[in-house]
Amino acid sequence: MTVRDPVSAPDADGRPRRATRRFPLFTRDTARPEGGGRAASGDAPAPARQWPILAVLLTVGLGLLLTALELFRLGTLLIGAALLAGAVLRWVVPDVGMLAVRSRFTDIVTYGVLGLVIALLALMVQPEPLLKIPFLQDMLHFTVDG
(Lines give C-alpha, C1' and ligand atoms only; values in the text may rest on other atoms or scores of the structure.)
Protein backbone atom coordinates (compact mmCIF):
# COMPACT_ATOMS: atom_id res chain seq x y z
CA MET A 1 0.00 0.00 0.00
CA THR A 2 1.48 3.33 -1.04
CA VAL A 3 0.33 6.54 0.52
CA ARG A 4 1.30 9.90 -0.95
CA ASP A 5 -0.77 12.27 1.20
CA PRO A 6 -0.57 12.72 4.95
CA VAL A 7 -2.82 10.22 6.66
CA SER A 8 -4.60 9.78 9.95
CA ALA A 9 -5.80 6.64 11.69
CA PRO A 10 -7.12 3.88 9.43
CA ASP A 11 -10.83 3.55 8.78
CA ALA A 12 -12.99 0.51 9.55
CA ASP A 13 -11.62 -1.41 6.56
CA GLY A 14 -8.00 -0.78 7.57
CA ARG A 15 -7.27 1.69 4.78
CA PRO A 16 -5.51 4.91 5.80
CA ARG A 17 -7.62 8.03 5.60
CA ARG A 18 -6.39 11.27 4.16
CA ALA A 19 -5.71 13.89 6.84
CA THR A 20 -7.40 17.19 6.33
CA ARG A 21 -7.81 20.23 8.51
CA ARG A 22 -11.39 20.77 7.38
CA PHE A 23 -14.27 19.62 9.50
CA PRO A 24 -16.26 16.78 7.98
CA LEU A 25 -19.48 17.68 6.21
CA PHE A 26 -21.38 14.98 8.10
CA THR A 27 -20.64 13.77 11.61
CA ARG A 28 -20.28 10.01 11.69
CA ASP A 29 -19.93 9.59 15.45
CA THR A 30 -19.83 11.71 18.55
CA ALA A 31 -17.41 11.97 21.41
CA ARG A 32 -18.79 11.03 24.79
CA PRO A 33 -19.30 14.20 26.83
CA GLU A 34 -17.19 14.68 29.92
CA GLY A 35 -20.23 14.36 32.15
CA GLY A 36 -21.51 11.27 30.39
CA GLY A 37 -20.19 9.00 33.09
CA ARG A 38 -21.94 7.98 36.27
CA ALA A 39 -21.14 9.05 39.79
CA ALA A 40 -21.82 5.51 41.04
CA SER A 41 -21.43 2.08 39.48
CA GLY A 42 -23.83 0.84 36.81
CA ASP A 43 -25.53 -1.67 39.12
CA ALA A 44 -26.62 1.08 41.55
CA PRO A 45 -30.17 2.44 41.24
CA ALA A 46 -30.65 5.43 38.91
CA PRO A 47 -30.88 8.14 41.63
CA ALA A 48 -27.70 6.89 43.30
CA ARG A 49 -25.82 7.09 40.00
CA GLN A 50 -26.57 10.81 39.69
CA TRP A 51 -26.31 11.88 43.34
CA PRO A 52 -24.30 15.09 42.74
CA ILE A 53 -26.88 16.73 40.47
CA LEU A 54 -29.73 15.46 42.65
CA ALA A 55 -28.13 16.97 45.78
CA VAL A 56 -27.75 20.36 44.09
CA LEU A 57 -31.26 20.30 42.57
CA LEU A 58 -32.95 19.24 45.82
CA THR A 59 -31.15 22.00 47.71
CA VAL A 60 -32.14 24.58 45.08
CA GLY A 61 -35.73 23.26 45.24
CA LEU A 62 -35.76 23.65 49.02
CA GLY A 63 -34.45 27.20 48.60
CA LEU A 64 -37.20 28.00 46.11
CA LEU A 65 -39.79 26.56 48.48
CA LEU A 66 -38.50 28.71 51.33
CA THR A 67 -38.56 31.74 49.04
CA ALA A 68 -42.18 30.99 48.12
CA LEU A 69 -43.02 30.71 51.82
CA GLU A 70 -41.81 34.32 52.28
CA LEU A 71 -38.41 33.44 53.72
CA PHE A 72 -36.70 35.25 50.87
CA ARG A 73 -33.26 35.81 52.39
CA LEU A 74 -32.90 32.26 53.70
CA GLY A 75 -34.21 30.72 50.47
CA THR A 76 -31.89 32.67 48.19
CA LEU A 77 -28.94 32.03 50.50
CA LEU A 78 -29.71 28.32 50.21
CA ILE A 79 -29.83 28.57 46.42
CA GLY A 80 -26.45 30.34 46.37
CA ALA A 81 -24.99 27.76 48.74
CA ALA A 82 -26.29 24.92 46.53
CA LEU A 83 -24.52 26.39 43.49
CA LEU A 84 -21.32 26.88 45.48
CA ALA A 85 -21.60 23.26 46.64
CA GLY A 86 -22.03 22.25 42.98
CA ALA A 87 -18.77 24.05 42.16
CA VAL A 88 -16.99 22.25 44.99
CA LEU A 89 -18.42 18.89 43.93
CA ARG A 90 -17.33 19.52 40.34
CA TRP A 91 -13.83 20.29 41.57
CA VAL A 92 -13.42 17.45 44.08
CA VAL A 93 -15.43 14.50 42.77
CA PRO A 94 -13.93 12.94 39.61
CA ASP A 95 -17.19 11.56 38.16
CA VAL A 96 -20.12 13.87 38.86
CA GLY A 97 -22.49 12.51 36.23
CA MET A 98 -24.90 15.05 34.82
CA LEU A 99 -23.52 17.86 37.00
CA ALA A 100 -20.78 18.13 34.38
CA VAL A 101 -22.07 20.23 31.52
CA ARG A 102 -18.97 21.83 30.03
CA SER A 103 -15.29 21.51 30.83
CA ARG A 104 -14.36 21.19 34.49
CA PHE A 105 -12.90 24.70 34.63
CA THR A 106 -15.93 26.31 32.98
CA ASP A 107 -18.36 24.45 35.24
CA ILE A 108 -16.46 25.43 38.39
CA VAL A 109 -16.28 29.08 37.37
CA THR A 110 -19.94 29.20 36.27
CA TYR A 111 -21.34 27.49 39.38
CA GLY A 112 -19.00 29.44 41.65
CA VAL A 113 -19.69 32.90 40.22
CA LEU A 114 -23.47 32.39 40.06
CA GLY A 115 -23.56 30.96 43.59
CA LEU A 116 -21.44 33.78 44.99
CA VAL A 117 -23.50 36.49 43.27
CA ILE A 118 -26.81 35.00 44.45
CA ALA A 119 -25.50 34.64 48.03
CA LEU A 120 -24.16 38.22 48.07
CA LEU A 121 -27.41 39.60 46.70
CA ALA A 122 -29.32 37.66 49.36
CA LEU A 123 -27.15 39.23 52.03
CA MET A 124 -27.69 42.75 50.62
CA VAL A 125 -31.47 42.54 50.20
CA GLN A 126 -33.53 45.27 51.87
CA PRO A 127 -34.79 45.89 54.55
CA GLU A 128 -32.01 45.47 57.10
CA PRO A 129 -29.25 44.13 54.87
CA LEU A 130 -26.72 41.86 56.54
CA LEU A 131 -24.00 43.06 54.16
CA LYS A 132 -23.50 46.74 53.37
CA ILE A 133 -21.11 47.78 50.62
CA PRO A 134 -20.57 51.55 50.91
CA PHE A 135 -19.47 52.29 47.35
CA LEU A 136 -22.68 50.83 45.93
CA GLN A 137 -24.72 53.64 47.49
CA ASP A 138 -22.31 56.20 46.00
CA MET A 139 -22.57 54.55 42.58
CA LEU A 140 -26.35 54.61 42.74
CA HIS A 141 -26.41 58.33 43.57
CA PHE A 142 -23.84 59.06 40.86
CA THR A 143 -25.81 57.24 38.15
CA VAL A 144 -29.31 58.36 39.17
CA ASP A 145 -28.53 61.97 40.17
CA GLY A 146 -25.87 62.62 37.51
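Mentor: Before any count is given, a residue is taken as buried under 20% relative accessible area, as exposed over 50%, and as partly exposed in between, with a 1.4 Å probe and protein chains only. This is a predicted model, in which local features need pLDDT of at least 70 and side-chain atom pairs count only at pLDDT 80 or more, while totals for chains, interfaces and linings use all residues. Residues are numbered from 1 along each chain as its sequence is written, and side-chain values use heavy atoms, with hydrogens and water left out.

Trainee: What percentage of the residues of the chain count as buried?

Mentor: Helices (H or I, at least four residues) and strands (E, at least two) are DSSP runs numbered from the N terminus, and the chain holds 5 helices and 2 strands. From the N terminus, these elements follow one another as β-β-α-α-α-α-α. Of the 146 residues in the chain, the buried share is 23%.

Trainee: Among contacts between residues at least 6 apart in sequence, what percentage join residues at least 24 apart?

Mentor: Contact here means heavy atoms within 4.5 Å. For the chain, among contacts between residues at least 6 apart, the share that joins residues at least 24 apart is 43%.

Trainee: How are H2 and H3 oriented to each other, roughly parallel or roughly antiparallel?

Mentor: Axes are lines fitted to C-alpha atoms, for helices over the stretch in contact, and angles run from 0 to 180 degrees between N-to-C directions. The axes of helix H2 (residues 51-68) and H3 come within 7 Å and cross at roughly 170°. Since angles under 35 degrees count as roughly parallel, over 145 as roughly antiparallel, 65 to 115 as roughly perpendicular and the rest as oblique, H2 is, relative to H3, roughly antiparallel.

Trainee: Is the crossing of H3 and H4 left-handed or right-handed?

Mentor: H3 and H4 pack at an angle of about 160°, with their axes 8 Å apart, and these helices are therefore roughly antiparallel to each other. A crossing is left-handed if the near helix is turned anticlockwise from the far one by less than a right angle, and right-handed if clockwise. The crossing of H3 and H4 is left-handed.

Trainee: Which residues does Ala122 touch, not counting those up to four places away in sequence?

Mentor: Ala122 is found in helix H4 and, with a relative accessible area of 1%, is buried. Between the C-alpha atoms of Ala122 and Thr76, which are 46 residues apart in sequence, the separation in space is 5.7 Å. Leaving out residues up to four places away, the residues touched by Ala122 are Arg73, Thr76 and Leu77.

Trainee: What is the relative accessibility of Arg102?

Mentor: Asp107 and Arg90 are both buried, Asp107 having a relative accessible area of 0%. Arg102, in contrast, counts as partly exposed, because its relative accessibility is 35%.

Trainee: Where is Glu128, which residue has a positive phi without being a glycine?

Mentor: Most residues other than glycine have a negative phi, and most peptide bonds are trans. Glu70, in the loop between H2 and H3, has a positive phi near 65° and is exposed, with a relative accessible area of 72%. Glu128 has a positive phi of about 55° and is exposed at 67% relative accessible area. Its place is the loop between H4 and helix H5 (134-145).
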